[in-house]
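Please look over the sequence and the 3D structure shown here before reading on.

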Amino acid sequence: MKYLTMAMVLMVVGDFSWAAQLDSGDEVVHIYGHALNYRLQENGKQQYNKLFNKLAGMGLDFTLTVRPLTRVMRKFGEGSGCFFPTSLNAIKKSAPQYASVPLVASAPVDQISLRVFTRAGAAKITQLKQLNDKRVALWAGLDPEIFLAGLNPIVEITPSEEVRVRMLEAGRIDAILGFTPDVLLAADALSVSPPQYDENLALFRDEGASVVCHDSPATRAFVQQFDKHLAALKHSGELRAILGPYVEIIPASR
């Protein structure tokens, strides 16, 4: 994925990790994390950073390296470790070579949807054909030939949610093709009115943001513990407090 391709983003410019010491001989599970401006950064204080700090404090053993998507995909493609945030569905759709690779996935932390945003107060886009001849900004990792197939928009390829929200607010574009909650978090950071979208229109909807690992005894044990701690955070309401009001969280089963 950037989430669908989303799913495939990870970064590190210098290693940073949280890891409790494992018993001698135990395998340390390594997570490659996709850098997201408002959600996960190296040595950051963003939502996912806070979540992983919390999980480490609960006794979950792992290391986390945050890098750009291409670096993450390269490391994950070497055949070991875990990828976050992504999903089995996103990986197998974005990288068909993984269709037969044994992988194991955690429960989703939250859910991601790809939406069409317009300025607050402007008309909402309710059908994709309304994007014809409109100026539409999207992330460089989203292929317009896939996501805007059959349409005729004026496409602006942009590097970040912040850039897209600034362009939308200034009237330089008519719409953003972007993800919830990232676009809304960018608007908050810029202190502008949240862009709006039609709830009934999504290019994909409710894709779970999970940790996906190459299957091994160590990663299976890790995922089991991850899910246990995540369920506790959901039941207590602490996950909502950590991730904020814009995220979509699937309640944990009791």
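**Briefing on a predicted model**

Thr219 is found in helix α8, where helices (H or I, at least four residues) and strands (E, at least two) are DSSP runs numbered from the N terminus. This is a predicted model, in which local features need pLDDT of at least 70 and side-chain atom pairs count only at pLDDT 80 or more, while totals for chains, interfaces and linings use all residues. Residues are numbered from 1 along each chain as its sequence is written, and side-chain values use heavy atoms, with hydrogens and water left out.

**Thr219 and its surroundings**

- Thr219 counts as buried because its relative accessibility is 3%; buried means under 20% relative accessible area, exposed over 50%, and partly exposed in between, with a 1.4 Å probe and protein chains only.
- A polar atom of the Thr219 side chain lies 2.8 Å from the backbone oxygen of His214.
- Leaving aside residues up to four places away in sequence, Thr219 touches Val29, Cys82, Val104, Cys213 and His214, where a contact means heavy atoms within 4.5 Å.

**The nonpolar cores**

- The largest nonpolar core has 56 residues, and those with the most contacts inside it are Tyr48, Val109, Phe222 and Phe226; such a core is a set of buried Ala, Val, Leu, Ile, Met, Phe, Trp, Tyr and Cys residues joined through side-chain atoms within 4.5 Å.
- Helix α8 (residues 217-236) gives this core its largest share, six residues.
- Phe222 touches Val29, Ile31, Leu60, Asp61, Phe62, Val211 and Cys213, again not counting residues up to four places away in sequence.
- A second, separate core of 15 residues includes Phe117, Val165, Leu185 and Leu190.
- In soluble globular proteins, nonpolar side chains tend to be buried together.

**Helix α6**

- The buried residues of α6 are Glu161, Arg164, Val165, Met167 and Leu168.
- These residues lie on the same side of α6, because they cover an arc of only 160 degrees around the axis, the arc being that of the directions from the helix axis to the C-beta atoms.
- Among the elements that cover the buried residues of α6 are β5, β6, β7 (154-158), β8 and α7 (182-190).
- Val163 lies in the helix α6 (residues 161-169) as well, but it counts as partly exposed because its relative accessibility is 29%.
- Val163 and Trp139 are 24 residues apart in sequence, and their C-alpha atoms are 9.8 Å apart in space.
- After α6 comes Gly171, whose phi is positive, near 80 degrees.

**Strand β8 and its partners**

- Strand β8 (residues 175-180) is mostly covered, with six of its six residues buried.
- Strand β5 (residues 110-117) and β8 run antiparallel and are joined by five bridges, and two strands pair if DSSP finds at least two bridges between them.
- The bridge partner of Ser113 in β8 is Thr180.
- Strand β6 (residues 135-139) and β8 run parallel and are joined by three bridges, with Val136 standing opposite Ala175 in β8.

**The chain as a whole**

- The protein chain has nine helices and nine strands, and buried residues make up 50% of its 254 residues.
- Of the contacts in the protein chain between residues at least 6 apart in sequence, 76% join residues at least 24 apart.

How values were computed: A polar contact is a pair of N or O atoms within 3.5 Å; within protein, one must be able to donate a hydrogen and the other to accept it, and residues adjacent in sequence count only if both atoms are side-chain atoms.
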